[in-house]
Amino acid sequence: MNIAAAFAAARKSAGYSQHEVARRLGINQATVSYWVSGKNTPRGALLVKVADLYCCSIDRLMGRDSA
């Protein structure tokens, strides 16, 4: 699974809209859209916050683990 698809799957599995993710992380909704489209990925501490929000591993977000 590629990174964009893994991000989209994790977000949907967690039950959040792109708008809700942006609000909870304090970022712009367009940023979340870029992640899902594969135009960009979160870096560093933000990646950890996304994994925590989705209750999944960073490996899963990066498409390296399907569990």
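## Salt bridges and exposure

Asp59 is partly exposed, with a relative accessible area of 37%, where buried means under 20% relative accessible area, exposed over 50%, and partly exposed in between (1.4 Å probe, protein chains only). The side chain of Asp59 meets that of Arg64 in a salt bridge at 3.5 Å, N to O, a salt bridge being a side-chain nitrogen of Lys or Arg within 4 Å of a carboxyl oxygen of Asp or Glu. Arg64 is exposed, at a relative accessible area of 67%. Elsewhere, salt bridges that share partners join Glu20, Arg23 and Arg24 into one network.

This is a predicted model, in which local features need pLDDT of at least 70 and side-chain atom pairs count only at pLDDT 80 or more, while totals for chains, interfaces and linings use all residues. Residues are numbered from 1 along each chain as its sequence is written, and side-chain values use heavy atoms, with hydrogens and water left out.

Across the whole structure, the search finds 3 salt bridges.

| Salt bridge | Closest N and O atoms |
|---|---|
| Arg23 and Glu20 | 2.8 Å |
| Arg24 and Glu20 | 2.7 Å |

Arg23 and Glu20 both lie in helix H2 (residues 18-25), 3 residues apart, about one turn of the helix; helices (H or I, at least four residues) and strands (E, at least two) are DSSP runs, numbered from the N terminus. Arg24 and Glu20 are 4 residues apart in helix H2, and so about one helical turn separates them. Arg23 is exposed, with a relative accessible area of 53%, whereas Arg24 is partly exposed, at 46% relative accessibility.
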